[in-house]
Amino acid sequence: MDDQYYMLKALSLAAKGSGYTSPNPMVGAVVVKDDKIIGEGWHQAVGQAHAEVNAIDDAGDSARGATLYVTLEPCNHEGRTPPCTRKIEKAGISKVVMAMKDPNPGVDGGGMEYLISRGIPVITGICEKKALVLNEAFIKHSLTHLPFTIAKCAATLDGRVATANGDSRWVTGPSARRFVHQIRHYVDAIMVGINTVKLDNPSLTTRLDNIITKDAHRVILDTKLSISEEAKVLTLDSEAKTLIITGPDIPGDKRRRLESENIEIITTPLRNGRIDLKGLMKILGERDITSLLIEGGSQVLGAAFNAGVVDKVNFFYAPKILAGDDGFPITAGQGVEFMKDAVNLLDIKVKQFDNDIMIEGYVEH
């Protein structure tokens, strides 16, 4: 077997940590000796042992003289856990193969340099592109302290997310909706506007059969704090918080009634009477929210694209046509004047979910 084979195995292990490791990255590792995997592990949750530690412990004494394949540069600093480089050195690992360096400017290259200084050869760049995609949220947050933002919608072929009376149940089928819940499980937060809350009264929780999931924080854009006190997002039995983002001019008595351990009201400056989304991204990033799913509605999606805060798009299209111009469009508000100024997507992928189609791409910044 070659390096790529073992690294792909490590990447598949890393993905098991999806939804549980933030703000840490997802990392997987395998220990290989005599062309056999003798140990494997992944970072299972923030604060728990790193992938390298789990893989080496799984290999036991047999790790001496073996090769360690790991999806991210081993840490060389003391954090919630001891440095992985010391564990690698003490175990007698003879070579380390990694997919990518740590993107954090403060630690980039430190683990690799330490290992090389101790006579342990290091190879990097194996399956690097797959590793970069796996941890795209961690990478952006490490470099910018801003969340990696995904814009999602479910629309008819003529570009409507709901009928004129607001009915949107259901645009897409069960298979597509299940994939959206997988995204919800992965991200740290889900954002919607107050109109979506009023029309749909969503829970914004993660629901997947036969899988232990976690809820993302719920971010509600509500400039005037007009949310109903009976809204589902305020009455859930969920460990995740609901963050209501408002302008400065809100009723103090309602604020006092709503705020609790799981409901936080954050006042922000407004731009042209609306929440400044660029400023909000800084606030969320400072709270270690590394990934954000924007689920709507039309005004919020339009504002997010115009503010330049969207990194990735997951647009679902159902084979349905409303045959009118009175429904709710995917985006609303003031768009660009010329086609040359439209938002362009790169690295396009198309995936089918039963009869529904998803277009995925990255915004060209």
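User: Buried means under 20% relative accessible area, exposed over 50%, and partly exposed in between, with a 1.4 Å probe and protein chains only. With that set, is H141 buried or exposed?

Analyst: H141 counts as buried, because its relative accessibility is 10%. Two ground rules: this is a predicted model, where local features need pLDDT of at least 70, side-chain atom pairs count only at pLDDT 80 or more, and totals for chains, interfaces and linings use all residues. Residues are numbered from 1 along each chain as its sequence is written, and side-chain values use heavy atoms, with hydrogens and water left out.

User: Where is H141 found?

Analyst: In helix α6, residues 136–144. Helices (H or I, at least four residues) and strands (E, at least two) are DSSP runs, numbered from the N terminus.

User: What does its side chain reach?

Analyst: The side chain of H141 reaches the backbone oxygen of G285 at 2.9 Å. That is a polar contact: a pair of N or O atoms within 3.5 Å; within protein, one must be able to donate a hydrogen and the other to accept it, and residues adjacent in sequence count only if both atoms are side-chain atoms.

User: And which residues is H141 in contact with, leaving aside neighbours within four places in sequence?

Analyst: L146, G285, D288, I289 and T290. Contact means heavy atoms within 4.5 Å.

User: D288, then. What is its phi?

Analyst: Near 60 degrees, a positive value in a residue other than glycine. D288 sits in the loop between α11 (277–286) and β14 (291–296). At 39% relative accessibility, D288 is partly exposed.

User: What about phi of H145?

Analyst: Near 65 degrees, again positive in a residue other than glycine. H145 is in the loop between α6 and β6 (148–156). H145 counts as exposed, because its relative accessibility is 53%.

User: Switching to cis peptides. Which residues does a cis peptide bond join?

Analyst: S22 and P23 are joined by one, with omega about 10 degrees. R169 and W170 are joined by another, with omega about -10 degrees. P23 lies in the loop between α1 and β1. W170 lies in the loop between β7 (160–162) and α7 (174–186).

User: G17: buried or exposed?

Analyst: Buried, because its relative accessible area is 0%. G17 is in the loop between α1 and β1 (28–33). Beyond neighbours within four places in sequence, G17 is in contact with M26, W42 and H43.

User: How many residues are in the largest nonpolar core?

Analyst: 75 residues; M7, V31, I93, V96 and I227 have the most contacts inside it. Helix α1 (residues 3–14) gives the largest share of this core, six residues. A nonpolar core is a set of buried Ala, Val, Leu, Ile, Met, Phe, Trp, Tyr and Cys residues joined through side-chain atoms within 4.5 Å.

User: What does E264 pair with?

Analyst: The side chains of E264 and R287 are joined by a polar contact of 2.7 Å. E264 lies in strand β11, residues 263–267. Leaving aside neighbours within four places in sequence, its contacts are K241, T242, L243, I244 and R287.

User: Last one: is V350 buried or exposed?

Analyst: Exposed, because its relative accessible area is 56%. V350 is found in strand β17, residues 345–353.
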